[in-house]
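Trainee: I have the model open and some labels to question. Can we go through them one at a time?

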Amino acid sequence: MNLKETCAIVGVGFSEFGKKVPKSTMTLTLEGCKRAIEDAGLTKDDVDGLLLVLPSQEGERHGWVCRTCSHLGISSTFSAGLDIGGATPIAMVQMATMAINAGMCNTVVCCYGWQNSPMGIPLSMPPGLDFTAPYGDLAALPFKAQVARRHMHLFGTTSRQMGAVAVTFRRHACMNPQAQMYEKGPITIEDHQNSRMIVEPLRLLDNAPITDSGGAVVVTSAERARHLKHRPVYISGMGQAHSGEFMRPWRDPRYPEGTFEGGKAAEIAFGMAGVRHKDIDVAQFYDGFTILVIIELEAYGFCKPGEGGSFVEEGRLELGGELPSNTAGGLLSEGHLMGMGHIAEAVRQLRGECEERQVKDAEVAFVTGYGGSPHEYPISFSYSTLILTR
Amino acid sequence: MVGKFEGFEIPKPIPALTEDTKPYWEGCARHELLIQHCQDCGHFRFPPSGLCPKCMSTNTEWVAVSGKGQVYSWTIFHYVYHPAYAKDIPYNVAIVQLNEGPLLHTNIVECNNEDIYIGMPVEVIFEDVNDEISLPKFRPLSK
């Protein structure tokens, strides 16, 4: 059963977001839901499904989904809490599509809320950190520094090439007044090279900022979508892959070192949508770190393994380029909207709402998510993809 | 100020022993690097777990490995993620691939940061943290 274009995204919305927003994870979640429902031109009584990102780094996940339903006053017939990190927003849209097709609900809100410093909530430390933290290895960035070093070793990728990703996405953020880095203005490769080292070989500008935020999208059946406020954005392809390939000493022989089992997430989505790479008008790559974009371009087949560095250096990701990407600024410059921002920007592009940063006649968008357990043992990853069409 | 919090020092995190990891850390305390070895397919696995991810066998033995390997990747920390490490900056964190296969996060010791390279041959040494915990670290392989 191919679910291509059986469902559509009909609303997107975000809470106030920024480096520090003095609101709870729950309030950020509720605000995201409210704005997305309003954007769809619906009321909460039209919603009968709720999917949520579990606030996994905080000790507040117990009963999270039903408590959120109660706070929203929504009577849901299908709900779940998911945690595959930054791959979760896309996974929720996929699950909503499946649940609607299964007849369990008609209109699903997919939402996350993220408060980096929640008051009164103890941080929970997963046991997998026992093999990293005692060596001074903490947080998400350091493992990407290990990956970047290995990529540089294998393929000759350079810090300037990673910088090209940051420069391009900042340029796009400067056309997005909502972006966290909008006021900071554009950056150059030299700014990137002069930014301080965080964990060598990654610099400050290789890294997404910290963002307190909440955001949501509304998914409903294609039939219902055609009678709502906005032009429907159809869910045409979806895929996932979960693996530990990069640092696993034994591997799937189909994926030699330098390639990624995560590529399966794109193969499945492209197959479902019946489109090819050259059909993609606009892309939103999960970009918590610059190196990730280079690796994803390779993993998802936009270039060959090892060629991601030169691919980004030649301006292909810029508006007006061959593959305009992260047109709102991405995690790197719009803010760390956990990948929900990537879905929302793809929707805005396909609706034609992006004004200065609009990709002309955008009809097909590719969106990726990335998460999992990338900095605790066993090191492992979750990849998710969406192909959206208008 | 960094490294102190209202007059007391924040210690570096130390591993908590679990049902799965206790034999590993007990081996380290005796200065033995023990790795789980699948008795059915021969795969060495890390981190410790209840079954072999290659063949799903639960027949497992803990074996002392050579403690020799190579640097697989490495980084230098310039940022204080945890106050207990402030005085160590800049410090290295490397991933070492043991000759038997598994990859381990570690620190390279007895070596300048700028002399570390991918493929560098290394051997394990143990740093005693307390009576129960010793951390396996790696130094350049002596000729």
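Trainee: What is the strand order in the open sheet of chain A?

Mentor: This is a predicted model. In it, the nine strands run in the order 3-2-4-7-1-8-11-10-9, with mixed pairing. The twist averages 25 degrees from one strand to the next.

Trainee: What makes strand 3 and strand 9 of chain A edge strands?

Mentor: Strand 3 (78-82) and strand 9 (282-284) each have a single partner strand, so one side of each lacks a neighbour in the sheet.

Trainee: How do you know that strand 2 and strand 3 of chain A pair?

Mentor: Pairing needs at least two bridges. Strand 2 (residues 49-53) and strand 3 of chain A share five bridges, in the parallel sense. One of the partners in strand 3 is Phe78(A), bridged to Gly49(A).

Trainee: Why is helix 9 of chain A called largely enclosed?

Mentor: Buried means under 20% relative accessible area. In helix 9 (residues 290-299), 10 of the 10 residues are buried, so the rest of the structure largely encloses it. The cover includes helix 4 (141-155), helix 5 (159-173) and strand 10 (364-373) of chain A.

Notes
Residues numbered from 1 in each chain as written. Chains lettered and ligands numbered in written order. Predicted model: local features only at pLDDT ≥ 70, side-chain atom pairs only at ≥ 80, totals over all residues. Heavy atoms only, no water. Helix = DSSP H or I, 4+ residues; strand = E, 2+ residues; numbered from the N terminus. Axes fitted to C-alpha atoms, helices over the stretch in contact; angles between N-to-C directions. Buried < 20%, exposed > 50% of the residue type's maximum accessible area, 1.4 Å probe, protein only. Contact = heavy atoms within 4.5 Å.
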